[in-house]
Amino acid sequence: MFRLLIVDDEKNERDCLLYLIQNAQLPFEVREAENGADALRILEDWTADVILSDVQMPVMGGLEFLREACALYPETRVIIFSNYAEFEYAKAAMHLGVENYILKPVVPQELENTLNAVIEQITEERSASRLYQASMLQSALQLSIYGSMDPASLSEDLRTQLQSFRRMVLLNFPGAFLEKGYSRLCDGLRGTLGQEFVPLNLSPQALIFLKGNEQEDAHELGARICRCVQDTCGVSCCAAVSRPLPAYASLREAFSCLEQLMEQRFWNPSETVFSGTPGQPAASEVTEETDDDTLLNRIKDALAARDEERFTASLTPFFNKYRRQSNQSQIYVKFIFSNLIASLYPFLPEEEKRGGKTMDELISALYLQQDISQIIDMVQELARKVAGTFVESGRGLRRELVIVLDYIHQHYGQELSVELLASTVFLSPDYLSRIFKKAMGKSLYQYIRQFRMEKASELLRNTTKKVIDIGTETGYPNYSYFCQSFREYFGTSPDRYRQEAAHA
């Protein structure tokens, strides 16, 4: 519905116009004024979309009225109607911003066509304005939740909108559902929540939306949203619902809390709604028995010795630790388990390597797992296949290889060469290289490099030693060569690796 103000001192003229508008079923709410002064008083409390005004009127004439009205209400469309004798007035009015004029006596079809054209213009401009405002709001939300928005740069309207939100909800979906299902999802949520929510698409798997009403219980709201998504889109999702937003210092803090809440899904895959304040598990003392590096090193030592009993015994505490909810993020957990896959893969049966996935494919599949139980099942199956090779090949490696591996583990920070290692077991370098690669699935050089890099990553994560000192300690006295080798192995510099590990 649009607002139309008719301004004319002749009542019969006003009545005629009103009749023609109603007869044409034009979508107008109409008010009337006898002169320009009365019209300005009406406009103070009732802004019109369209003004239909005569030119010659008592008290305040049409031109004087239009001059003030166009200055005060520049978005209002103005149409004048006059007779041929007042054509000069019409030309003067056009310079004031008048959209069109209609000659008296008014022709019904001409009036209808003129008003329909104005309605179309207003509709297009409103649609463009809504799209622009929605785009600006989306941009402001995006910058706000990631902490790069300067509030002073926002318009007053945008600040008001951002301050009006009282709940933030984070939804996570399987696969890339939002690439095709975003519009259908928003339509379904609109039917459930009304027009009060604003969505923001974060990725093909996740979106947030904000709403103004904070009265509904957070857990009940999340459950209602999940049911709506299932009913309208036929897909299951997980929802994390914030506490009332005024409790947070910013939208960024609210979003950070929701991300922490959603982390609980990794440890509780049967739950779909997470609300309240993210839990902070009590920090347990890191002992030799629970330290990840210690557990992983035990597994690697058992692998190197091809000792099935030690291998199984070293895996059990590792898996048991991660069957319980931890205060570690899922990114960190997946990183730790991907390291385990990298250690297991060389020991897989050759037919498994040829017919199955590559190590990179296995690690990629691990990162796609949704919860810890799926990850443990996947790695346990891999470990079972590795353990089978120990049974087939007998108990343990050749004594010479066990001695070489032990020497590497004890002296990795010193210069190591094939000649030096071969001399410790009284074998020729060529023969040692051949039997080592056949047993371990990698060359001596590759094994030494891998062991040194893993030690360097351990020191970067768990100590504050300088990078140059860590390089020297792990067998790389040349700082530049250490950084180059580390980047080739991990895909990032030692400094950046340390920073990312600190925030994991």
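Two strands count as paired if DSSP finds at least two bridges between them. Helices (H or I, at least four residues) and strands (E, at least two) are DSSP runs, numbered from the N terminus.

Welcome! The model is predicted, so local features need pLDDT of at least 70 and side-chain atom pairs count only at pLDDT 80 or more, while totals for chains, interfaces and linings use all residues. Residues are numbered from 1 along each chain as its sequence is written, and side-chain values use heavy atoms, leaving out hydrogens and water.

**Exercise 1. Find the partner strand of strand 3, and a pair of facing residues.**

Step 1: Locate strand 3 at residues 50-53 and strand 4 at residues 77-82. Step 2: These two pair in the parallel sense, over four bridges. Step 3: Look at Ile51, which stands opposite Val78 in strand 4.

**Exercise 2. Follow the chain from strand 1 to strand 2.**

Step 1: Strand 1 (residues 2-7) pairs with strand 2 (residues 28-33) in the parallel sense, with six bridges. Step 2: Between them the chain passes through helix 1 (residues 11-23), and this β-α-β crossover is right-handed. Right-handed is said when, with the strands pointing away from the viewer, the path from the first strand over the helix to the second runs clockwise.

**Exercise 3. Work out the strand order of the sheet and what lies at its edges.**

Step 1: The open sheet has five strands in the order 2-1-3-4-5, with parallel pairing. Step 2: Strand 2 and strand 5 (100-103) each have a single partner strand, so one side of each lacks a neighbour in the sheet. Step 3: On average, neighbouring strands of this sheet are turned by 20° against each other, direction ignored. Such axes are lines fitted to C-alpha atoms, for helices over the stretch in contact, with angles from 0 to 180 degrees between N-to-C directions.

**Exercise 4. Name two helices that pack on this sheet.**

Step 1: Helix 3 (residues 62-72) touches strand 1, strand 3 and strand 4, and its direction makes about 175° with that of strand 3. Step 2: Helix 5 (residues 108-145) touches strand 1, strand 2, strand 3, strand 4 and strand 5. Contact here means heavy atoms within 4.5 Å.

**Exercise 5. Describe the whole protein.**

Step 1: The protein has 22 helices and ten strands. Step 2: Its C-alpha atoms fill a box of roughly 120 × 45 × 45 Å along the principal axes. Step 3: Of the 504 residues, 45% are buried (under 20% relative accessible area, with a 1.4 Å probe and protein chains only).

Technical notes: Buried < 20%, exposed > 50% of the residue type's maximum accessible area, 1.4 Å probe, protein only.
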